[in-house]
Amino acid sequence: MQPIIEIRGLEKTYASGFQALKGVDLDIRRGEILALLGPNGAGKTTLISIVCGIVRPTSGSVTVDGHDILRDWRAARSLIGLVPQELTTEAFESVWATVSFSRGLFGKPPDPAVIERILKDLSLWDKKDTKVMALSGGMKRRVLIAKALSHEPRILFLDEPTAGVDVELRRGMWEMIGRLRDSGVTIILTTHYIEEAEEMADSIGVISGGRIILVEEKAALMEKLGKRLLTLQLQNPLDAIPAELAGYPLTLSEGGRELVYQFDTQQERTGIAGLLRKLGDHGITYTNLRTNESSLEEIFVSLVRERA
Amino acid sequence: MNLHAIKAIYKFELARTWRTLFQSIAGPVISTSLYFIVFGAAIGSRFAAVEGVSYGAFLVPGLVMMSVLTESVSNASFGIYMPRYSGTIYELLSAPVSAFETVIGYVGAAATKSVILGTLILLTARLFVDFSIAHPVWMVAFLMLTSVTFSLLGFILGIWADGWEKLQIVPMLIVTPLAFLGGSFYSISMLSPFWQKVTLFNPVVYLVSGFRWSFYGAADVPVALSLGMVALMMAVCLAVVWWIFRTGYKLKN
């Protein structure tokens with residue numbers, strides 16, 4: 001089946017000379033949830049902004065359901081809903097007015113029943129006559145989602161939808177995104193949170209330095225990202241890993257002064273306790289130990305290096 | 001043509017007017033009424049009639065024009081500057097809405113408000129001074145053309161401005177002085193020949209003159225010239241708006 005979004009050789013250089021995108025190729029499959037992960041400044045928002053028509057591409061092409069975003073912009077944009085990263089809302093309008101406005105802007109005739117359903121789905125119905133400025137941050141975020149959904153788009157872009165949203169609300173948002181996906185909407189979200197991608201995405205794309213580093217099915221990538229390291233500083237350097245410890249995925253570094261154990265946080269048992277017991281049994285003493293809780297951004301950096 | 005979008009923008013902008021009824025309508029009506037009381041009823045009775053019209057009545061078209069000019073600029077500039085300032089412009093830029101439709105929505109709403117305001121000021125003026133309208137159709141035409149032209153100017157200003165200060169500077173330093181010196185309070189025939197020539201560089205003169213002609217049949221400059229100047233100003237504004245959307249000036253990176 002033809003991808004719903006096809007991006008080819010997309011480049012963007014801003015007037016300041018900053019090159020935000022350096023030739024992005026990306027296919028997004030119909031009906032999937034794609035999580036776009038990447039450090040700050042990687043080009044996530046620029047990529048989304050180009051597809052949605054807010055930023056002009058320097059070169060390359062984007063088609064949305066077969067419609068070129070520049071030549072056939074009206075058809076392309078009609079299919080897309082965008083939830084921006086910043087909480088940019090009108091202040092003085094009511095929730096109802098601002099969501100109805102969005103529907104009209106995207107060329108749909110007024111339909112109070114649709115707006116009512118969207119507001120109820122997002123638990124905003126009892127706030128429909130409240131001015132947007134009087135709402136909490138989490139509610140404003142939901143107003144932005146309601147605005148993006150008001151014209152019943154086939155594709156939804158969520159730029160860091162759960163930034164600054166409390167845990168409970170984040171759960172609710174994930175559920176809502178799941179329901180949207182079940183109704184056939186293709187969803188592209190950017191995030192910093194690995195658990196968010198883990199919870200929802202079908203595919204994960206990693207973007208860094210203006211390039212797509214990889215796009216993979218979630219299961220394959222999680223295995224890669226799920227690895228953690230335990231580093232033990234040894235009192236006495238070792239020449240080789242003792243035969244008794246051969247069953248563990250161990251490596252020596254720093255000239256034998258450090259013993260590195262790779263484990264999988266996805267597993268229920270990490271094996272750390274067993275390893276430390278065995279070390280004690282064999283008289284291998286250590287002065288310090290640390291686990292490498294590398295942040296997602298560090299993992300990105302290592303991925304970038306790996307591919308470079 | 002995305003008619004639903006035009007309607008949505010237009011309704012949304014007019015809703016802002018109703019929400020801020022006091023500031024946007026009642027305010028200008030009251031302040032213009034004060035001019036009528038002071039210059040028309042109180043002092044005006046001591047002034048000689050201008051071109052056969054009592055000074056109070058002579059003031060009416062000029063004062064209406066002055067309010068319409070300044071309110072068109074400030075309302076239209078605020079209408080488009082506000083979403084730029086708050087960031088909600090992202091929605092307009094990502095919507096299937098053309099530049100033309102955007103302008104019709106925003107400028108149409110601002111001009112509508114100005115026409116309503118002008119009409120209310122005329123009705124209020126009738127309470128203080130006696131006046132007649134010789135060419136009502138032309139009066140309405142001048143009112144509407146001026147409202148649209150200066151709303152376009154306001155729209156451009158709202159896109160050009162980078163801050164609240166810039167947004168105030170043009171109305172304060174350019175539009176208001178031009179409106180005051182544009183013959184709202186006097187006939188330019190009262191000026192010395194030198195200043196008469198200088199005044200002709202002020203585009204507001206042509207608007208006020210044409211508008212006053214539609215009331216009393218007397219004008220400082222030929223009516224055709226007045227109409228021509230309004231058309232020219234509108235054409236210039238439209239060209240600038242077209243250029244803004246073509247280049248994405250201050251709207252798109």
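A residue is called buried when its relative accessible area is under 20%, exposed when that area is over 50%, and partly exposed in between, using a 1.4 Å probe and the protein chains only.

**Before you start**

This is a predicted model, in which local features need pLDDT of at least 70, side-chain atom pairs count only at pLDDT 80 or more, and totals for chains, interfaces and linings use all residues. Residues are numbered from 1 along each chain as its sequence is written, chains are lettered from A and ligands numbered from 1 in the order in which they are written, and side-chain values use heavy atoms, with hydrogens and water left out.

**Stop 1: chain A as a whole**

Select chain A and turn on the cartoon. You will find ten helices and 14 strands; helices (H or I, at least four residues) and strands (E, at least two) are DSSP runs, numbered from the N terminus. The C-alpha atoms fill a box of roughly 75 × 45 × 40 Å along the principal axes. Of the 308 residues in chain A, 48% are buried. Contact means heavy atoms within 4.5 Å, and among the contacts of chain A with a separation of 6 or more, 68% join residues 24 or more positions apart.

**Stop 2**

Now select β1 (residues 5-13), β4 (residues 59-64), β2 (19-28) and β5 (residues 67-68) of chain A. They form an open, antiparallel sheet in the order β2-β1-β4-β5. Two strands pair if DSSP finds at least two bridges between them. β2 and β5 of chain A each have a single partner strand, so one side of each is left without a neighbour in the sheet.

- β1(A) and β2(A) are joined by seven bridges, and here A:Glu11 stands opposite A:Lys22.
- β1(A) and β4(A) share five bridges; pick A:Ile5 and you will find its bridge partner, A:Val64, in β4(A).
- β4(A) and β5(A) are linked by two bridges, with A:Val64 partnered by A:His67.

Two residues lie between the strands, and A:Asp65 takes a positive phi near 50°.

**Stop 3: two cavities**

How many cavities of 30 Å³ or more does a search of the whole structure find? There are two. On a 1 Å grid over the protein atoms alone, a cavity is a set of points where a 1.4 Å probe fits but cannot get out, while a pocket is an open set with protein on both sides within 12 Å along at least five of seven lines; lining residues have an atom within 4 Å of a point. Grid points are joined across faces, edges and corners, and a volume is the space filled by probe spheres set on the points.

The largest cavity holds about 50 Å³ of space. Residues of both chains line it, including A:Phe106, A:His151, B:Tyr90 and B:Glu91. β6 (80-83) and α5 (137-149) of chain A, with α4 of chain B, each give two or more residues to this lining.

The second largest cavity has a volume of about 40 Å³, and its lining includes A:Ile5, A:Leu26, A:Val51 and A:Phe157. The lining has ten nonpolar residues, no polar and no charged, where Ala, Val, Leu, Ile, Met, Phe, Trp, Tyr, Cys and Pro count as nonpolar, Asp, Glu, Lys and Arg as charged, and the others, Gly among them, as polar.

**Stop 4: the largest pocket**

Move on to the largest pocket, with a volume of about 1,100 Å³. Of its 46 lining residues, B:Arg16, B:Gln23, B:Ser74, B:Asn75 and B:Phe78 are the closest to its centre. Which helix supplies the largest share of the lining? That is α3(B), with 13 residues. By class, the lining has 22 nonpolar, 16 polar and eight charged residues.

**Stop 5: B:Thr199**

Finally, select B:Thr199 in helix α8 (residues 193-199) of chain B. Is B:Thr199 buried or exposed? B:Thr199 counts as buried because its relative accessibility is 9%. Leaving aside neighbours within four places in sequence, B:Thr199 is in contact with B:Leu181, B:Ile188, B:Leu191 and B:Val205. A polar atom of its side chain lies 2.6 Å from the backbone oxygen of B:Trp195.

How values were computed
A polar contact is a pair of N or O atoms within 3.5 Å; within protein, one must be able to donate a hydrogen and the other to accept it, and residues adjacent in sequence count only if both atoms are side-chain atoms.
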